[in-house]
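Trainee: Could you help me see how the words we use for a protein model follow from its values?
Mentor: Gladly, let us look at it together.

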Amino acid sequence: MASSADEDVPWTHAISMHGSPALGPDEPFPYVNPAAPKGGSITLGVQGTFDSLNSFIVQGGWTSARGMREREMGNNVLESLMVRSYAEAFSLYGLLAQRVRMPESREWIEFELNPDARFSDGSPVTIEDVIFSLDVIRDKGRPPYRNWYASIKEKQVTGPNRLKLVFENGDNRELPLLIALAPIYSSKHTDAETFDKSSLNPPVGSGPYTFKTIEPGRTVVYEKNPDYWARDLPVKAGFDNFDEIRIDYFRDETSLQEAFKKGLVEALQFRDPARWATGFDFPAVENGNVVKLEVPLGVPAAMQGIAFNTRRDQFKDRQVRKALRMLFDFEWVNRNLYHGLFTRTAGYWDNSELSSIGRPASAREKELLAPFPDAVDPDVMAGTWRPADADGSGRDRKVLRAALAAFAQAGYSLKDRKLVHEETGQALAFEILSKNEDEEKLALAYIRTLELLGIDARVRSVDPSQFEDRRTKRDFDMVFNTWTASLSPGAEQYGRWSSKAADAEGSFNFVGAKEPAIDALIDAIVGARSREEFVDAVRAFDRVLISGAYAVPLYHVSDDWVAHWTKVVPPDKHSLYGHEYDTWWSAAAQ
């Protein structure tokens, strides 16, 4: 029975994590062309393979086909109750749900489904489908999704098209928004018993596309559903412009680049500055058929790093990790491999107000960190810490001496040109796992410096599918990883860093972090009731992660680099996160 106070909570078209949504109910997103022409096709390419069509499970979740449900390549098949605007920190607008309401306490959220919502087979999207989707991922999905949906205490059907979800409490203030982004499956066409098994059976969703072609490991083709139910909604204006989307898979980066040069791939994101600086000397560029696009990013820089598996004996000591972190000569790598185009990464939210770099801890941060006096190093607390600043020679003596001193504090010393632990007699040795030639090249540069201190490091290159399998099973010493960043970090941090996730199969806590300060600060982040409290909590969290030395920080750029053939056209404006192919259109359709 709803209380009178519940009934006073107003219905609205949109909700935000902090503050109010920027757009009214009839406004399109600001990074689209609402008048974009419809028709034509686009061919995209990715490195890797796929053997599954379900990214929400442990088995096959890491190697599922691209483009079913993601920001960059489109929410083509599976939709959610609400959709995110990537022009704002964290605001959601109605999609399958035409209205929503949520109290200030965030102890519950209620949705009213759009009665026009349909799956691709024409059947209506019902409250039963929503409940089924939340339950099957709770029971069969992988973290963090199953953990989020397990936090729902009650599911109350409050009307023919209305569902109220009640939580234990409102401590996780992000939880209602995460629930609003849950993928909605057709209960009629989804087998709950086999949901957790890797499969290439196409799911039935309510999105703008259906599967046309599936060639396992090679190609997936999506075709527009001419009867797509939401094509006239304001939140879909300027999206889903192609009749067909093809995504081809390539074994290595060089093959993918060559396919792009030949026009077999029509748009491609670049992450390697060397390729961006020197890889455009082919005729299609000279005659104007291929153009380069640099999109300024409005979000924190992603933290790219070489992660330590702290479950391994050689990396259990934080002092060892700090010493190894010092030995990456960014200046040499940037100049010799990347044409000086990268900026050194220091923390996990660089280039934003959420970063602790260069900022002394506030009174609120100190209060949050007080129960954990050893979790943050003094220079990190003061905002003066920076990654080791080598001279670019690849053998900076001052850095080598400082690293050797740090190793000595951990019980290591040089003996017969090997770095050996004085008590165990074990030489420091490990393997760096890579999945492509660019990572291998970077690892070899790092290893050359490590060898100067008698460290026996090797690089092991495997194909992307083996890479994901070994990373998921924690079968690595060090591994390349990217921690994506947003202006609204929240509950996803449990899956990346919490003690509970360290031993959970399929979680993103690759490093095996088990730190009480981390757990407490994630609680503070998701429980923050104001932007000011939120910023302080994230900065304190940043300090703990930096002090924990869970990775060798690498580098970043401030722009999103994309090149494309003029057969496809991007909008004039882009989201804070960079390009989104589902806002592009075909030049032939103009």
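Predicted model: local features only at pLDDT ≥ 70, side-chain atom pairs only at ≥ 80, totals over all residues.

Mentor: Residues are numbered from 1 along each chain as its sequence is written, and side-chain values use heavy atoms, with hydrogens and water left out.

Trainee: Why is α8 called roughly perpendicular to α18?
Mentor: Helix α8 (residues 318-326) and helix α18 (residues 531-548) pack at about 85°, with axes 9 Å apart. Angles of 65 to 115 degrees count as roughly perpendicular, under 35 as roughly parallel, over 145 as roughly antiparallel, and the rest as oblique. Therefore α8 is roughly perpendicular to α18. Helices here are DSSP runs (H or I, at least four residues; strands are E, at least two), numbered from the N terminus. The axes are lines fitted to C-alpha atoms, for helices over the stretch in contact, and angles run from 0 to 180 degrees between N-to-C directions.

Trainee: Which residues make that contact?
Mentor: R318, R321, K322 and R325 of α8 meet I546, S547 and G548 of α18, where contact means heavy atoms within 4.5 Å. By class, they divide into 1 nonpolar, 2 polar and 4 charged. Asp, Glu, Lys and Arg count as charged; Ala, Val, Leu, Ile, Met, Phe, Trp, Tyr, Cys and Pro as nonpolar; and the others, Gly among them, as polar.

Trainee: What makes α17 roughly antiparallel to α18?
Mentor: The axes of helix α17 (residues 516-527) and α18 cross at roughly 160° and come within 9 Å. The angle is in the antiparallel range, so α17 is roughly antiparallel to α18. The contact of α17 with α18 has 13 nonpolar, no polar and no charged residues.

Trainee: What is in the largest nonpolar core?
Mentor: There are 86 residues, and F29, F111, L165, Y222 and I247 touch the most other members. Helix α2 (residues 127-140) gives the most to this core, with 6 residues. A nonpolar core is a set of buried Ala, Val, Leu, Ile, Met, Phe, Trp, Tyr and Cys residues joined through side-chain atoms within 4.5 Å. A second, separate core of 55 residues includes F282, L327, F430 and W561.

Trainee: How do you know that D240 is buried?
Mentor: Buried means under 20% relative accessible area, exposed over 50%, and partly exposed in between (1.4 Å probe, protein chains only). D240 has 5%, so D240 is buried. D240 lies in the loop between β10 (219-224) and β11 (244-250), and has a positive phi of about 55° although it is not a glycine.

Trainee: Why is R474 called buried?
Mentor: Its relative accessible area is 11%, so R474 falls under the cut-off for buried. R474 also has a positive phi, of about 60°, although it is not a glycine. Its place is the loop between α14 (464-472) and β20 (478-483).
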